[in-house]
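Please review the following briefing together with the sequence and the coordinates.

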Amino acid sequence: MQVRRLSDIEGTDRDVMAESGTWRSKRILLASDGFGYSVAETVVYAGTETDICYANHVEAVFCISGKMILVDRDEDEEHVIEPGTLHILDDADNHTIKPIVDSTFLCIFTPPLTGREDHDENGVYPLLTDESVESK
């Protein structure tokens, strides 16, 4: 059994600030932990916009607090994301996130993140691997 607290992650290499400054992700479970998925608490900051397209990952995103507009650029649709809402990005969905207020999410990725990912110029996380990872 393992118990992890966000306070134990703060200030470590698992506490990742986007180069763009639009989000901060505390990566609770990573590829190196060997579970086949990763878990993070991510805060996106009010008044910012981030274009994302996960070409290499599937992500389930559960809103814990805040309010955000999720723009589906493929379907030209907007969704209001509030606490208790789950959205799933599973088909290289081109989307933009527009937080109205600072918003906190629980994010689950497969394949798991290594902890070093940041969005590239196309909004994609590169597919990074940890050679030493073995699935539990």
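In this predicted model, Lys-26 stands opposite Glu-41 in strand E3. Strand E2 (residues 23–29) and E3 run antiparallel and are joined by six bridges; strands here are DSSP runs of E with at least two residues, helices are runs of H or I with at least four, and both are numbered from the N terminus. Two strands pair if DSSP finds at least two bridges between them.

**Basis of the values**
- Residues are numbered from 1 along each chain as its sequence is written, and side-chain values use heavy atoms, with hydrogens and water left out.
- As the model is predicted, local features need pLDDT of at least 70 and side-chain atom pairs count only at pLDDT 80 or more, while totals for chains, interfaces and linings use all residues.

**Strand E3 and its partners**
- E3 also pairs with E8 in the antiparallel sense, over seven bridges.
- Within this pairing, Val-43 stands opposite Thr-104 in E8.
- Strand E3 (residues 38–44) is largely enclosed by the rest of the structure, because seven of its seven residues are buried (buried means under 20% relative accessible area, exposed over 50%, and partly exposed in between, with a 1.4 Å probe and protein chains only).
- In a regular strand, side chains alternate between the two faces of the sheet.
- From E3, Ser-38, Ala-40, Thr-42 and Val-44 point one way, and Val-39, Glu-41 and Val-43 point the other way; all are buried.

- Thr-104, in strand E8, counts as buried because its relative accessibility is 13%.
- Beyond its neighbours within four places in sequence, Thr-104 is in contact (heavy atoms within 4.5 Å) with Glu-41, Thr-42, Val-43, Phe-62, Cys-63, Ile-64 and Ser-65.
- Met-68 lies in strand E5 and is buried, because its relative accessibility is 2%.
- Leaving aside neighbours within four places in sequence, the contacts of Met-68 include Val-44, His-79, Ile-81, Ile-97, Ile-100 and Phe-105.
- The C-alpha atoms of Met-68 and Pro-83 are separated by 9.8 Å, the two residues being 15 apart along the chain.

**Nonpolar surface patch**
- A nonpolar patch on the surface consists of Phe-35, Tyr-37, Val-58, Phe-62, Ile-64, Leu-86, Ile-88, Leu-106 and Ile-108, and together they have about 710 Å² of accessible area.
- Patches are made of residues with over 30% relative accessible area and no salt bridge; like charges are joined within 9 Å, and nonpolar side chains (Val, Leu, Ile, Met, Phe, Trp, Tyr) within 5 Å.
- A salt bridge is a side-chain nitrogen of Lys or Arg within 4 Å of a carboxyl oxygen of Asp or Glu.
- Strands E5 (58–72), E7 (86–89) and E8 (94–110) each supply at least two residues of the patch, and E5 gives the most, with three.
- Ile-108, placed in strand E8, is partly exposed, with a relative accessible area of 35%.

**Whole chain and confidence**
- The protein chain has one helix and eight strands.
- Of the 136 residues in the protein chain, 44% are buried.
- The accessible surface of the protein chain is about 7400 Å² (Shrake-Rupley method with a 1.4 Å probe; for residues, only the protein chains shown count as cover), and 48% of this surface belongs to carbon and sulfur atoms.
- The average pLDDT (the predictor's confidence in each residue, from 0 to 100) of the protein chain is 88, and 85% of the residues score at least 70.
- Residues 132–136 have pLDDT below 50, and this stretch has eight contacts in the model beyond near neighbours in sequence.
- Where pLDDT is low, the predicted coordinates should not be read in detail.
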